[in-house]
Amino acid sequence: MLSSGEGLPTTAVATELKYGAIPRLEVFNWNTASDGLPTTDSLEISAKVIDQPSAADLACETAHDDPVSRTALSHKLARVTLAWPSESLRRYTLLDTPGIDDPDEVLLANTTYRLLPECDIAVLLVPAAQLSKIETDFLRQKLFDKGFTRLLVLVSHHADTQPRSVEVRTRILSTIRGQLDSIGRTQVPVQMFCYDESADGNLLKTPAQIEAAVINFANEQAGPARIEKAVYLALQGLHQAGGQLQAQLAATGKSTEERTQMLTHARREIDAINRRYDQVADSFRLHLRCARDNYVAEISNGLRAVNEDFASGFNAVGLPNEDAFDA
């Protein structure tokens, strides 16, 4: 999609991109509560499914410049799902959400902020100068308090409009790393990219390189990030449940019936926590099975290659080979 030059338009809808054999665009309707705001527990898929979507199809469903129209659209649509036959997407689902500098807090509350807890890692695109205050506040208040421990920051840079020497780029990166250090995230990776074939240094020059950088980051960080996030959420949930239970047990003057109700409520809370982390464990098991299958396949391919080299060695010196080595 990036290499086609079309890309995704600016949208008020959280856009989901995942692997699919046939490129298609599916538009999901949002069931709304009595107050007109989206509900997250049930989604209806609309009849609108477009195979082989064009840039015009994307723009028709998602492009709105007017803030009022953008907010109205966010209330109408849960997310747009694009299936795309890119092999690099087989393991991942990518969510593109409205930018955090959007002044419409209602829009952000119903898109970006609502979807963050679903994610394992995040990629933040920032201008090629420094992180703004709204970005550092977002990192501190909205991202890291969701359990994020790993984040890829891509610093945009276009050489035609923002000519930068190596020294200037180094200073920009140093400034951003200092800003991250000030909020306790020294380890966050930062990388610049621009479309400039003559540029030297730590730059991404093509859409394919940008894709590779993001996917490589996901390959390296998704597993550890998911574990760290699960630990964070487990500790947070247990702390909250423990605090509530202690407060309730410390209350005086409770009747036997009230205490029974309290204990029943506490058991329900514990059961909910157990179910929540059973689901997390299931996701780990799936990840481990995939890793195991890939490992077995790599061993099998390696042994097959060794076998072929071994057999070809006998063929090279004229010795008989009656497929004895295939076993």
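1. Lys133 and Asp137 lie four residues apart in helix H5, so about one helical turn separates the two. They form a salt bridge in this predicted model, with the closest N and O atoms 2.7 Å apart.

2. Glu16 is buried, with a relative accessible area of 9%, while Lys18 is partly exposed, with a value of 34%.

3. A further salt bridge links Lys48 with Glu61, the closest N and O atoms being 3.3 Å apart. Lys48 belongs to strand E3 (residues 38–51) and Glu61 to helix H1 (residues 55–62), so the pair ties together parts that are 13 residues apart in sequence. Lys48 is partly exposed, with a relative accessible area of 40%, and Glu61 counts as buried at 12% relative accessibility. The count of salt bridges comes to eleven.

4. Leaving aside residues up to four places away in sequence, Glu135 touches Ile100, Leu125, Val126, Pro127 and Gln130.

5. On the surface, Ile227, Val231 and Leu235 form a nonpolar patch, with about 290 Å² of accessible area together. Ile227 lies in helix H7 (residues 207–250) and is partly exposed, its relative accessible area being 47%.

6. Asp96 is placed in strand E5 (residues 94–96). Its relative accessible area is 35%, and Asp96 is thus described as partly exposed. The C-alpha atoms of Asp96 and Thr111 are separated by 9.7 Å, the two residues being 15 residues apart along the chain.

7. As to the chain overall, there are eight helices and eight strands. Of its 327 residues, 33% count as buried. The accessible surface comes to about 19500 Å², and 54% of that belongs to carbon and sulfur atoms. Among contacts in the chain with a separation of 6 or more, residues 24 or more positions apart account for 71%.

Technical notes: Residues are numbered from 1 along each chain as its sequence is written. This is a predicted model: local features need pLDDT of at least 70, side-chain atom pairs count only at pLDDT 80 or more; totals for chains, interfaces and linings use all residues. Side-chain values use heavy atoms; hydrogens and water are left out. Contact means heavy atoms within 4.5 Å. Patches are made of residues with over 30% relative accessible area and no salt bridge: like charges are joined within 9 Å, nonpolar side chains (Val, Leu, Ile, Met, Phe, Trp, Tyr) within 5 Å. Accessible areas come from the Shrake-Rupley method with a 1.4 Å probe; for residues, only the protein chains shown count as cover. A salt bridge is a side-chain nitrogen of Lys or Arg within 4 Å of a carboxyl oxygen of Asp or Glu. Buried means under 20% relative accessible area, exposed over 50%, partly exposed in between (1.4 Å probe, protein chains only).
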